[in-house]
Amino acid sequence: MTPMILAAEGTPNPLIPATYDIVWSAVIFLIILVVFWKFVLPTFNRVLDERAEKIQGGIEKAERVQAEADAALAEYQKQLADGRAEAARMRSEAQEDGAQIIAEMKQQANAEAERIISQAKAQIEAEKQAAMVELRGDVGGLATDLASRIVGESLTDDARSAQVVDRFIADLEASTPAQSVKES
């Protein structure tokens, strides 16, 4: 049988080409294949390689930028942590300084209070002594007058009146501590 299949009437089948067409098509296909293989495919591969290199360069650049960004973020976080630590240290120092100032102020206030109290005690003691001297003079004068009336003689003699006054005050002082002990 021939490669051509005849239809029922004997005409060639239009779907199957003739042998010379197949041969010439194969030759042209081989020529196109060789041209494509020699010229187009290397150019195509070169363009793809260039594109792959650009993409790889872009990826490397992105990785470098990402690494720099990560380093900057780490530095920022370190600085932030350092700043927080410094702020905490300063706050702690301020609290300690405040406590120290308060303690010093309390100490000064206590010292001032003690000074005022001692001055007041000294002033009270001085006034007490002044009052005692004045009272001794007044009591002496009253005692002299009273003794003059009781005795019926004049005690204008200073030595005698001083002696009477001193004895009276000594008796008065001797009785006063005994009373203050009883009151306590």
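Predicted model: local features only at pLDDT ≥ 70, side-chain atom pairs only at ≥ 80, totals over all residues.

I started with charge pairs, and found Glu-86, Arg-89 and Glu-93 linked in a network of salt bridges.

The structure holds five salt bridges, so I checked a couple more, bearing in mind the cut-off of 4 Å between nitrogen and carboxyl oxygen.

- Asp-82 bridges to Lys-78, with the closest N and O atoms 3.4 Å apart. Both are in helix H1, four residues apart, about one turn. Asp-82 is partly exposed at 42%, and Lys-78 is partly exposed at 49%.
- Glu-112 bridges to Arg-115, and here the closest N and O atoms are 2.2 Å apart. These two lie three residues apart in H1, again about one turn of the helix. I get 34% relative accessibility for Glu-112 and 37% for Arg-115; Glu-112 counts as partly exposed, and Arg-115 does too.

**Stepping back to the fold**

What is the chain built from? I count two helices and zero strands. Helix H1 covers residues 19-151, and helix H2 covers 158-183. Of the 184 residues, 7% count as buried. The chain exposes about 15900 Å², and carbon and sulfur atoms supply 63% of that.

**The nonpolar patch**

Next I looked for nonpolar surface. A patch of about 910 Å² is made by Tyr-20, Val-23, Trp-24, Val-27, Ile-31, Val-35, Phe-36, Phe-39 and Val-40. I picked out Phe-39, which is placed in H1. Is Phe-39 buried or exposed? It is exposed, because its relative accessible area is 57% and the cut-off for exposed is over 50%.

I then checked the record: UniProt, in an unreviewed entry, puts a "transmembrane region" at residues 22-41. Over residues 22-41 the model is 100% helix and 0% strand, with the end C-alpha atoms 25 Å apart.

H1 and H2 are the elements that give two or more residues to the lining.

Technical notes:
Residues numbered from 1 in each chain as written. Heavy atoms only, no water. Buried < 20%, exposed > 50% of the residue type's maximum accessible area, 1.4 Å probe, protein only. Areas by Shrake-Rupley, 256 points an atom, 1.4 Å probe, with all protein chains shown as cover. Patch = residues over 30% accessible without salt bridge, like charges linked within 9 Å, V, L, I, M, F, W, Y side chains within 5 Å. Salt bridge = Lys/Arg side-chain N within 4 Å of Asp/Glu carboxyl O. UniProt positions renumbered as here; feature names shortened; annotations may be inferred.
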